[in-house]
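Thanks for coming. I will go through one structure today, from the overall figures down to a few individual residues.

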Amino acid sequence: MSCEFKINNGIFKKCLFCIVLPIFSISISALSYISEKEKRESFSEILYKVEVLQQNGLYEEAEHLLREFEKFEINGLSLPEKITLYFQKGYVVWILGNPSKALEYFKKMRTSAILAVDFENRDLSEKIMKIINLYSSGKELRSKGFYLESITMFQKAIEISRSIQRIEFEMKCLRQMSINYLENSNLVDYLRCNELSLKIAREIHYIKDEGYCLNNIGLYYFKTGNYSKAMNYYEDSLKIAKRLHNLKAESESSTNIGIVYKTIGDYDKSLSYYFKALEIDKFLGEFEYVSIDLSNIGTVYRKKWLETNSRKDLYEAFSILKECYSIISLGNKDSVKARVVGNLGTISFDLKEYSKAVEYYQKGIESAKRLNDKEAISLLTKNIGSSLFRMGKDEDALIYLQKAIDLAVEINAGYILWEALLETADIQKKKGSFEGALKNYQEAIDTIEKSRSTIENEDLKTSFLRSNRRLEVYHNAIDLLYRLNKIKPAAHHLEIAFQYMERAKARGFLDSLEIGRVSVAQKSNPEVEAQAGKIQSRLARLSRELLYEPESSERRAVIEKEIQIQEDEYEELRRNIRSHDPIYSGLRFPEIMTLRDLRKKIMDAETVVFTYALGKEGAFGLAISREKETFFRLPSTEVLRDLVAGHLKTISDREHPVTGSGNNLYQTLLAPGLDRPYRRIIIVPDDVLHYLPFETLGPSGVSSWIGIEADVSYSPSLSSLAELIKRADRRKSSVMDLLAVAAPGGEESGARARLTFSEKEVDDISHLYPPEKCLVLKGKNATEKVLKTVRFEDYRMIHFAAHGLIDEQKPVRSAIVLSADPDSDEDGYFQAREIYNLRLNAEIVALSACRSAAGRLIRGEGIEGLNRSFLFAGSSAVLMSLWPVDDEATGHLMRRFYLHLREGDSVAAALRRAKMEMIGSADFSHPYYWGGFVVSGSADRRLYRKTRWWPLAAIGSAVLLAAGLWFAKVRGGTRRLRSVGRRIS
């Protein structure tokens, strides 16, 4: 039976398309076993299956089905059937990206239509042929740099596509036309074309083009400085490429993700994606892209060198870029040459070979100009300006930098703009043009802040701000404001300096507090919780295996790699939740505090705040009280590092007599702002000062330590402290007083030594509170499995007496080591990653563990470790240690601390009084025993009302302390005290 087909009339009704693919069971390969006659008779069925395949986005399968059918003689088909067959073949191969083959089929369709006197399909085929010819002409013109002419060709093709209502042809023309807009730096039209193309690709279920469009849209957001959106689009594109085994697309998406990570400052992740792209491109034999990959890898090693100051990274970068340059064709690879030559220039710049750098940059500009690549021209022009500045040619440098600024503004290249503004401001400051310099610093900071505001992940925000000289802008501006204030003291100079100090500190942590607040308040998604639970279970299993020492180093490497994969999967899950959940996308992050807000929300007449900024050009302190501000210069950062290191060596070694190092640091860091005694001192440290216990500083020896004269507390920034106070003010009342956990450790738990006094420590603390208001977990009950059944939000105070495991490379792996539980699936490590997921209602978390304040020091952010995870999860303050502590002495300190809390002291006051009593003892007076414990966060809150009967309890506790000290003396005095350090890792 012969059928008449009219392509225009859409003989296949839409009701057929809703039938899902599995309705037919005849496999494609089985067609070869059907007779020729049966195939001709089943032509309508073949077409039906093709339509269903297309509706499900399976265009490759549709093309295969038609190709199998076409192997047989088609002379027996009627002309209308041939018209339909040729249309379907042309349509499918067009979608699959073969326009020349598609053109052949539409020519055959036209011939058949003429023979059939079918004017409608003749006209249709001619219009489609015209679309394809215009499309091909558009691509050819674009390759020659005739972008406007190319756009005209594509626009005509799109008009015809719309006139015949064939969106499939419009889709590819839109995407190809968008590249012209990109080359002309018309990003608005570039985005518009790709969004329209993406909509069509999804409508016709062609995910290959969907992936291309997602990648292109990601590029738009990257170029406009919205790095989180760029990352989301690139990752979605990469998933599609992997699903389709599209290696070329996988390489491109991997490269683009690597660029985002490089720009943000996560260099290790950037390298992992670049090396993956390099592996693919070598496999495909795409040597032009291999050179691009090598260039990208070289630039990452160069940026790593800027952070680590490791010459190994620098020479690795140089050797890779030289290799890259050697394989570039001297022909028409200007797009690659411009960037590779520019990167070689940057390495020469780093080596202080400025004249050679300028030569490379000039060569790069020549290549970029041939392509009218404004982005490359702007970047290389900026680099020439920077080189001339280093050569002392300030006026010439300003000319080049201004050209770079103008071009960067034109193409909206923020990442070039802020650096050009920074260099311009530095030159103006050098020349004494302070007001102009300040204006340019402010514009550079505004540009950085604009890009930073688009990043959704707080970890990436942290990487972004600390990398690529961005913090240098803030520090150089602070240096300028100090000079301006010396010339003409003015309130607005101090206000701006304070703002820049705050903006340069703990921004990732500040934003995380709002995310933490929402996470705690939001109901859990069971599906997401289950997925996260599976990842956590796999991580626990792997950690257990790693804990019990694998048989071989090869197996250990496999486990560590698998742990990294699972951690990446967990981070991706967390990122996806936040990027797609409207609650997170609608977050309004906390504002940076002003001086007026500081005095209104945090300070009273008895409080002084010290905030510090340690930069390359200079280091500064700003002391703020209710009455005044004192802005003072410090020694260089390098000198401060030496001073702090020397002081720490003195106070953290009990065998070492206390020297005057604390007096020197007191005069440097505190004396300029202490015009009178204050009851409370809040410290906002920077750089190496994060390791310094300011309590151990004083004007004239042991008797004047600040730690016994004022309540000292710390905060990553004053803006984050304000958020912690705000969160505490709206906290609901806790139903329980104390959760105390004692995990003595020992060989069975993988810890180094057993903590002899940890269980006594929690027993003594818990006796200060009503039994029904306490939960004590110790020994075999202090396991991870048991702990995870506890309702943490019920407790006002949480205390851990256990080993601490600190991972400075991977802070999320830092952990509290709990008691071993061979029958449990848990690994016994209560990791920072898991703590982040808690819902806390605690006023204080005490980490009576070794170096619990330690972690990775991140420029501009502070120390990332266990303490941050507890603050994120909801605690108001965290008590922690800066160095390995003595087990027995810590028990005495903690008992005194909790006693004073119960008496009605604030957290900071209770710690101060406990330290005073340790200092007054014969055996624990050395700062080694007490100086390492500091409190971070909102530490001025009273957990209990002042009571009259507590002095009696205090006397009793003092007697116990005296008895403990006497017992220690009997065993041989201070030198013979049983000293069990808590695990350092």
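**Overall picture and local details**

Of the contacts in the protein with a separation of 6 or more, 71% are between residues 24 or more positions apart. Keep in mind that this is a predicted model. The secondary structure comes to 41 helices and 15 strands. There are 985 residues in the protein, and 59% of them are buried.

Now the aromatic residues. The count here is 29 aromatic pairs. One of them is Phe 87 with Tyr 91, which is stacked, with 6.0 Å centre to centre and 10° between the planes. Both residues belong to helix α5, residues 79-95, and they are 4 residues apart, about one turn of the helix. As a reminder, an α-helix has 3.6 residues a turn, so residues three or four places apart point the same way. Phe 87 and Tyr 91 are both buried.

Phe 87 also pairs with Phe 106, this time edge-to-face, at 6.0 Å centre to centre and with 75° between the planes. Phe 106 is buried, as is Phe 87.

Which residues form one aromatic cluster with Phe 87? The cluster consists of Tyr 59, Phe 87, Tyr 91, Trp 94, Phe 106, Tyr 135, Phe 154, Phe 169 and Tyr 206.

Staying in helix α5, the next residue to look at is Gln 88. Is Gln 88 buried or exposed? Gln 88 counts as buried because its relative accessibility is 4%, and buried means under 20%. Not counting residues up to four places away in sequence, Gln 88 touches Leu 47, Val 50, Glu 51, Gln 54 and Leu 66.

Two charges over rings come next. The charged end of Lys 403 sits over the ring of Tyr 400, 5.4 Å from the ring centre. Arg 796 lies over the face of Tyr 944, and there the distance to the ring centre is 4.9 Å.

On to cysteines. How many disulfides are there? The count comes to 0 disulfides. For anyone new to this, a disulfide is a covalent bond between the sulfur atoms of two cysteines. Cys 173 has a relative accessible area of 0%, so Cys 173 is buried. Cys 213 counts as buried as well, at 0% relative accessibility.

Next, a pair of helices, starting with α19. Phe 389 is placed in helix α19, residues 374-390. With a relative accessibility of 15%, Phe 389 counts as buried. Where does Phe 389 make contact, leaving aside neighbours within four places in sequence? The contacts are Asp 394, Ala 397, Glu 423, Asp 426, Ile 427 and Lys 430. Taking Ile 427 from that list, the C-alpha atoms of Phe 389 and Ile 427 are 7.3 Å apart, and the two residues are 38 residues apart along the chain.

The other helix is α38, residues 887-903. Helix α38 has 17 residues and reaches 25 Å from its first C-alpha to its last, close to the 24 Å expected at 1.5 Å a residue. α38 is mostly covered, with 17 of its 17 residues buried. Just after α38 comes Gly 904, with a positive phi of about 110°.

That brings me to backbone angles. Most residues other than glycine have a negative phi. Two residues here have a positive one. His 245 has phi near 55°, a positive value in a residue other than glycine. His 245 is in the loop between α12 (227-244) and α13 (247-264). Its relative accessibility is 68%, so His 245 counts as exposed.

The other is Asn 412, not a glycine either, with a positive phi of about 60°. Asn 412 is in the loop between α20 (394-411) and α21 (414-431). The relative accessible area of Asn 412 is 36%, so Asn 412 is partly exposed.

That is what I had; I will take questions now.

Methods: Residues numbered from 1 in each chain as written. Predicted model: local features only at pLDDT ≥ 70, side-chain atom pairs only at ≥ 80, totals over all residues. Heavy atoms only, no water. Phe/Tyr/Trp six-rings, centres within 6.5 Å; stacked < 30°, edge-to-face > 60°. Buried < 20%, exposed > 50% of the residue type's maximum accessible area, 1.4 Å probe, protein only. Lys NZ or Arg CZ within 6 Å of the ring centre and 35° of its normal. Disulfide = S-S within 2.5 Å. Contact = heavy atoms within 4.5 Å. Expected span 1.5 Å × (residues − 1).
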